[in-house]
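Here is a short report on chain contacts, helix packing and domains. Please view the sequence and structure first.

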Amino acid sequence: MSTELRSRPAASGPAAGAGHAPRWRSSIGLKIIMAVSGIALVGFIVAHMAGNLHVFEGPERMNEYAEGLRTFGEPLLPRESLLWAMRLGLIAAAAAHIASSVALTRRASRARPVKYASRKAARGEAAHAAATMRWGAIVIAAFVVWHLLDLTFRAVNPVKDVPDAYGAVVATFAPERWPVTVFYLAALVALGFHLRHGIWSAVQTIAGPSAVWRRRWRAAALVTAVTVVAGFAAVPLAVSFGLVS
Amino acid sequence: MKLRLRIWRQPDAEAAGRMVPYEIDGVSEDASFLEMLDVLNEHLIADGADPVAFDHDCREGICGACSLVIDGRPHGPQAATTTCQLHMRQFSDGDTIDIEPWRAGPFPVVKDLVVDRTAFDRIIQAGGYISAPTGTAPDAHAAPVPKADADAAFAAAACIGCGACVAACPNGSGMLFMAAKVDHLARMPQGQPERSTRVLGMVEAHDGAGFGGCTNTGECSAACPKEIGLDVIGRLNRDFRKAAAGTA
């Protein structure tokens, strides 16, 4: 039998002597950027969730807390110093997180130009991740845009008076505005799955734990995700069911 | 056993491929999966048809040549088993079995189920070796290795370079393969002199070949016939970070 075998050369690496691409643009470099920016965002999310719980202490304490974020460091620092430092840091972290994930996602899709005809459910250690990370990220990004318009800029919130954080929370999650609450809870579910994989995945990328510590970090990620989701969900649910008004 | 097969047929690298149905009867459940394909090919040759091309060599699970995605799983449904060690008793009479090649941009199809895996060779050429002086072999106890390190290095060295990790990865990443090679040598005293340049060079070759990045889903480990764990990828990440920062 004579069968002529013609092999298409695979994509080749950089030409010899062409120098190498910057290390941070390598697949692991981009993962480290994702991991570090992701950890910064997790830190913010946990602090934000804890701060939200002031709602249960009543309007005065909640608004005091909101005002405290603005006056933190006064008179040594200008008003809203902490707030703007947080905002700039968050914008930088979110931009780095999204940009590196887009670059890695594009590389991943180029790495499998022809799909499998037969597909089986994932069975890896973090089988849920493949299905939830990228779609969940889009849900979370859409939610962040809505959330800023709602409770930061108050563009879509009935309470325009910015110092009245408590009033804005009660107004946005009012029972008749139930789609807002449902969207909030749906985004929380996406966030929960994102944290469940993202937290231990960041540790795996930065620290490279042993098999035992990998299991422990995966458990810690799950506990953190459940805590964050429960803490955030408590506020809209309490308002919707009239426990906070 | 009577089976229906749907096999990826592609005449050459440039041609379009498609899944082609075949029927085969009288398959022994003691036959290996590759022997079942041998029987199919004998029928095809007798009928004057082009036999199905597939890679195979040792047929005892140690060479890494066989490379079939069987019903959506690299190396088929049985854990820790290469395609050549998979037996037809894992299937039932009347089953329909889909057989496809590894699917990855850096692994172009040569013909039917045969893919070109020289991208892996380029990763090895970029650092998957040690430089050793010629001459008399050193005494076995000249460079003591703690037992735990020796065991871990051996576990990583069990990688046969088949590419099932790439085939299973949702991102088409070759990280498990590369990490096994990097970790195997990083565990040994002989691997230390080139430890930094090795990891940097191999990651560059991996990315340059067009493999995707790792998202830690663990599909690679689940498909690996040698059960290599995700911890090697963690240590690859750590070695890369240290080498890139110039601290290793």
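How many residues of chain A are in contact with residues of chain B?

## Basis

This is a predicted model, where local features need pLDDT of at least 70, side-chain atom pairs count only at pLDDT 80 or more, and totals for chains, interfaces and linings use all residues. Residues are numbered from 1 along each chain as its sequence is written, and chains are lettered from A and ligands numbered from 1 in the order written.

## Chain A against chain B

50 residues of chain A are in contact with 53 residues of chain B. Contact requires C-beta atoms, placed from the backbone, within 7 Å. Helices 1 (27–52), 3 (81–110), 4 (127–152), 6 (178–206) and 7 (211–240) of chain A each give two or more residues to its side. Helix 1 of chain A gives the most, with 6 residues. Helices are DSSP runs (H or I, at least four residues), numbered from the N terminus.

## Helix 1 and helix 6 of chain A

These helices pack at about 130°, with axes 9 Å apart. Axes are lines fitted to C-alpha atoms over the stretch in contact, and angles run from 0 to 180 degrees between N-to-C directions. Helix 1 and helix 6 of chain A are therefore oblique to each other; that class takes what is left after under 35 (roughly parallel), over 145 (roughly antiparallel) and 65 to 115 degrees (roughly perpendicular).

Residues of helix 1 of chain A, including Gly38(A), meet residues of helix 6 of chain A, including Gly198(A).

## Domains of chain B

Chain B is divided into domain 1 (3–110) and domain 2 (117–131 + 145–244). The bounds come from an automatic or database domain assignment. Their centres, over C-alpha atoms, are 27 Å apart. Domain 1 of chain B gives 18 residues to the contact and domain 2 of chain B gives 17.

Definitions and conventions. Two residues are in contact if their C-beta atoms, placed from the backbone, lie within 7 Å.
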